Amino acid sequence: MKRQLIAIALLALVAATVVAAPARADDANFYLQQAGDAFLLIADPHRLIFLFGGVCMGLALGILPGIGGVAGTALLLPFTYNLDSATALAMLLGFAATTTTTDPISAIVLGAPGHAASAATALDGFPMTKRGEGGRALGASYMSAMMGGLFGACLLGVTLPVIRPLILQIGAPELLSLAVFGLSMVATLSGNTPLRGLTAACFGVMLAMIGGDPQTGTMRWTMNSLYLMDGLSLVPLTLGIYALPELCDLMIGRSAVLENAALVDAKGGLFAGVKDCFDNWFLVLRCSWIGAAMGAVPGIGASVIDWISYGHALRTEKGAQETFGKGDVRGVIAAESATNSREGGALIPTIVFGVPSSPGMAILLGAFLMHGLVPGPDMLTKNLYISYSMVWSIAIANLLGSGLCFMFSRQFAKLATLRYTLILPVVLCFIFIGAFDGKRDWGDLYSLLIFGVLGWAFKQFKWPRPPLVLGFILGSVLERYTFISIQRYDMAWLTQPFVMVMFALAAVTLIRPLFQDFRRRGGAAGLMAGFGRPRMAPQAILPAVLLCLFTVMLGQALTWNLYAKIVPLIVGAGAMLFCSMNLITEICRRAPVAGIDLAIKAKAKFGNAVHMDVASNVQHLSSNTILLRGSIFFGWLVGFLISMYLIGLIPTVPLFIASLMWIEGRESWKIIISMAVIMTLLIYGVFDQLLEIPWPGSLMGALIPALKVVPSM
Amino acid sequence: MKIRFIAWAAACLVAMAVPASAQAADPNFYAGKTIYMIVGVAPGAGYDLNARALARYMPAYIPGHPTIVVENQPGAASMIMALKLLKTGTFDGLTIGASFGDLPTMPLLDPDRAHFDARKFNWIGSTSSVNAVAFSWYTQPVKTFKDLQTTQLLVGAQAPGTTQYDLPTLANALLGTHFKVVTGYDGTVQILTAAERGEVGGIGFIAFSSLLSLDADWLKQHRVNLLLQWGVTKQPGYNNVPAAHDLAKTPEDKQIFKVIELHLAADRPFFLPPNVPADRVAILRRAFDETMKDPGFLDAEKKLQFDVEPMSGAEMSSMIDDAYSTPQPVLARLRKILNSAEN
């Protein structure tokens, strides 16, 4: 009953906006006619073919970890020179709308999300695969992606004529309060480890401060490198934090994700997943709202939206606290519907103001320019039919994309049963290139490796990873808009109604889970009951290391100009506080003493809360084995980099694949050679020839210039 | 097995070494070759689209009609790309750099970070100059340049080091204006919407071409007051808006404006790394100049709403030499003005 009421309220809201603005019937007719014209425009077979081409490329590139829409959109751009604007935009949008559809495949099947946008999907999708429900998870992800995408397109179509004045009202204080609200999700996303989560979030914000400071131009924590001048790039960071740890565990476990091939539900699972989406239609609707609305806000990227939506589902769905993170299909649905509805929302500021809300949209704006289209009021009057053709493009692309995925999906689910020596070399090569595509610099590869080790440590010590990425993405938004708000409005902005509401919501979102956690552990008495004499525990390693790092970072920050250091100092102090508290807990906490009733109860309840991570499948191994095999894994990665430095990236690919397969798995040479050859040709064709990635060169190439005929040397 | 592989590798090496040693002056050098144009900004940005337009039309004017392939190497305001070309080339005339307009002046303004000498590059030309303007939104009390000398105007900017920040700051120091620069915006469009919303009072630097293409109505309907213009020459049709360098009082102030105007005069520059054979530099400079007259190119640029006001490579080089001969105390003063926020 309640859900029906909310659904009706949401729909009424849409209807009201439509009715309120074009009050005259003429207006409504005008918009409908333009929408109709736009549909006829797109339905032209010639345009559909280009749209289809964009969709195919989006799906293909979306599967590869790290290779995002940006590289691909840039690749498509030159093809659009000779197309008319509707066709060109149809192709680009077909591409942009579907990269996120296939993105979850590696997240669900391997647990290694290729992009930050599917990180939340892995949390429930991967356990489902391990249980033999990979097909169902995939089916649910495509279907919810399609429903979300269609919803985003609808919302775009409905609100487009009336949204401009509303968006114009979103100024610095509003953006700031939205970022604060997003950041408050950290508490939910920290699961049962709030101190660790808060530490990670503060660390994420500190990472976001790296680079030239927008207030004074001070170079913060750049270690004098040019690479860090513009700040860390998101792609290598998320690949390192989310994807590498899972792949590392795959190698440590020395097995396939799913050993028993008979368990794969490739056939019936897909449709079970589709049914799940319809059973949870209300969840899809809510999460699509979140995705589309948040997508329209510049600065709140896809990588935040999926977590906000996931957090929302976790707090509102029945029984979610017990089952989420352990393979609940609703987790997949929540994350995927929001991620895909975002594209429609993201188009709104792009069309009406020329403010791109994602890197992909920035390229789309380039296409606008090339076709003489000016974002702004013209797109809502003179060129409205083009705006509507974009709405249709997104809708059709989502239908096509999900349809194609269904056709080819049986094979994807079976990937989980492959030996790790077949999966790892291929995926790792793509991850290296995906990370390198971030800024096309060695710095990308170093940060991939560093954050890979950090992410793995987080995973092994059960530290939640999402707060770190959330802090990283929202940190700089937070700082910049705080300064603008204060400089412009002094403190008056704090009294704006929207800001006050968002801050209040943020406070509730932040404090409630923390308070619940506090109570769950039996309050102050329960917390103190377990304390004893300090003792060195392995869990203390990570907070100890982080504490040292924070100390060094804060020491450097002290020397900066006041405006450059104020936010880093506040956040850094928070990080040190939470981290120290965690460290004390780690070395002083004992198992609850029997007889203290409260503590036992606390522990029993404590077990129920969600741990915000994919469960490790290597727990049966001794910690020494884990450490040794983990080191071997990262040794391979370092080896890749050394080889790349010596002989260039493309020649490294066959070398890396062959040696990894032979040394780790003693695969037959027939498989090794065919794999190495196919991958090398694929990487050469796609990345060297099509995507024109400027390789960094190599030592051999520098010593013997003649060798430069070998690509990337 | 092993021996055979080594022999094979050696044979390959020898085979590849031969063409490399045969690089003599050759008017038909570019026939069948691929030129890589490395753009120092992300794909889709204005500078990238401009470079791609050039890459499309320039091959027709290079003897041998090579292919030009565009690659993007963004980062540190084109500096990563520039340093890469400086260090690893290639030095055979097959790699062209395309950068932001302020690349040549960066070593003068920010010597701590920009460790290179722009005079060493082989500049092949710039496709356009930039005329820019500072405006206030029509509701603001500041309506003219005179008002600006007595009343404060809040203007938006991305960060120190961008023209939106540097030029108003310079005007405050040299022309007695009262810009208050609020930094932290994501881009120009965000600042324009902030002005429309009333969050800032205007902007201290925006290219006329951007204003005309993005918000032509604002000019027509007098939604903005034009206060001060930037550029080597005045924007045609806007003679009544005072130009910054005309207002400079002392010869030293004029020298400072001259350094800044290098960037404005050659806003979209292209260059080859150092040590490229002179005949190839000459071929590309000639081809560049001719492309600037190509109807197809002009048409493509017009569609993109980019102005084509070319400057040849030779002219650029001499302007850069001039800027680099500015007396050190003048440069030190300029740096002090621009870095006032950092200290």
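1. In this predicted model, a salt bridge joins B:D186 to A:R480, and the closest N and O atoms of the two residues are 3.0 Å apart. Across the interface of chain B and chain A, the rule finds 2 salt bridges. Side chains of opposite charge can pair when their charged atoms come close.

2. The interface also holds other polar links. Between chain B and chain A, 13 residue pairs are in polar contact, counting pairs with both residues at pLDDT 80 or more. On the chain B side, at least two residues each come from α1 (2–21), α2 (46–57), β2 (67–72), α3 (79–88), β7 (179–183), α7 and α8 (208–214). By class, the side of chain B that touches chain A has 26 nonpolar residues, 14 polar residues and 12 charged residues.

3. As for the extent of the interface, chain A brings 54 residues to the contact and chain B brings 52. About 4400 Å² is buried between the two chains, with 57% of it on carbon and sulfur atoms.

4. Turning to salt bridges in general, the whole structure has 25 of them over all chains. One within chain A pairs A:D249 with A:K459, where the closest N and O atoms are 2.6 Å apart. A:D249 belongs to helix α13 (residues 234–253) and A:K459 to helix α22 (residues 442–460), so this pair ties together parts of chain A that are 210 residues apart in sequence.

5. A search of the whole structure returns 4 cavities of 30 Å³ or more. The largest cavity contains about 200 Å³ of space. Its lining is made of 16 residues, and the closest to the cavity centre are A:I170, A:L175, A:P298, B:T193 and B:R197.

6. Which elements give two or more residues to the lining of the largest cavity? In chain A they are α9 (164–168), α10 (172–184) and α18 (329–353), and in chain B the element is α7 (188–197). The largest share, 3 residues, is supplied by α7(B). Helix α7 of chain B is also among the elements that supply at least two residues to the side touching chain A. The lining of the largest cavity divides into 11 nonpolar, 3 polar and 2 charged residues.

7. A last point concerns A:F578, a residue of helix α27 (residues 562–588) of chain A. Apart from neighbours within four places in sequence, A:F578 is in contact with A:L195, A:L198, A:T199 and A:C202. How far from A:F578 is A:T680, 102 residues apart along the chain? The C-alpha atoms of A:F578 and A:T680 are separated by 47 Å.

Terms used. Residues are numbered from 1 along each chain as its sequence is written. Chains are lettered from A and ligands numbered from 1 in the order in which they are written. This is a predicted model: local features need pLDDT of at least 70, side-chain atom pairs count only at pLDDT 80 or more; totals for chains, interfaces and linings use all residues. Side-chain values use heavy atoms; hydrogens and water are left out. On a 1 Å grid over the protein atoms alone, a cavity is a set of points where a 1.4 Å probe fits but cannot get out, and a pocket is an open set with protein on both sides within 12 Å along at least five of seven lines; lining residues have an atom within 4 Å of a point. Grid points are joined across faces, edges and corners, and a volume is the space filled by probe spheres set on the points. Helices (H or I, at least four residues) and strands (E, at least two) are DSSP runs, numbered from the N terminus. Ala, Val, Leu, Ile, Met, Phe, Trp, Tyr, Cys and Pro count as nonpolar, Asp, Glu, Lys and Arg as charged, and the others, Gly among them, as polar. Contact means heavy atoms within 4.5 Å. Buried area is the accessible area (1.4 Å probe) that two parts lose on being put together, summed over both. A salt bridge is a side-chain nitrogen of Lys or Arg within 4 Å of a carboxyl oxygen of Asp or Glu. A polar contact is a pair of N or O atoms within 3.5 Å; within protein, one must be able to donate a hydrogen and the other to accept it, and residues adjacent in sequence count only if both atoms are side-chain atoms.
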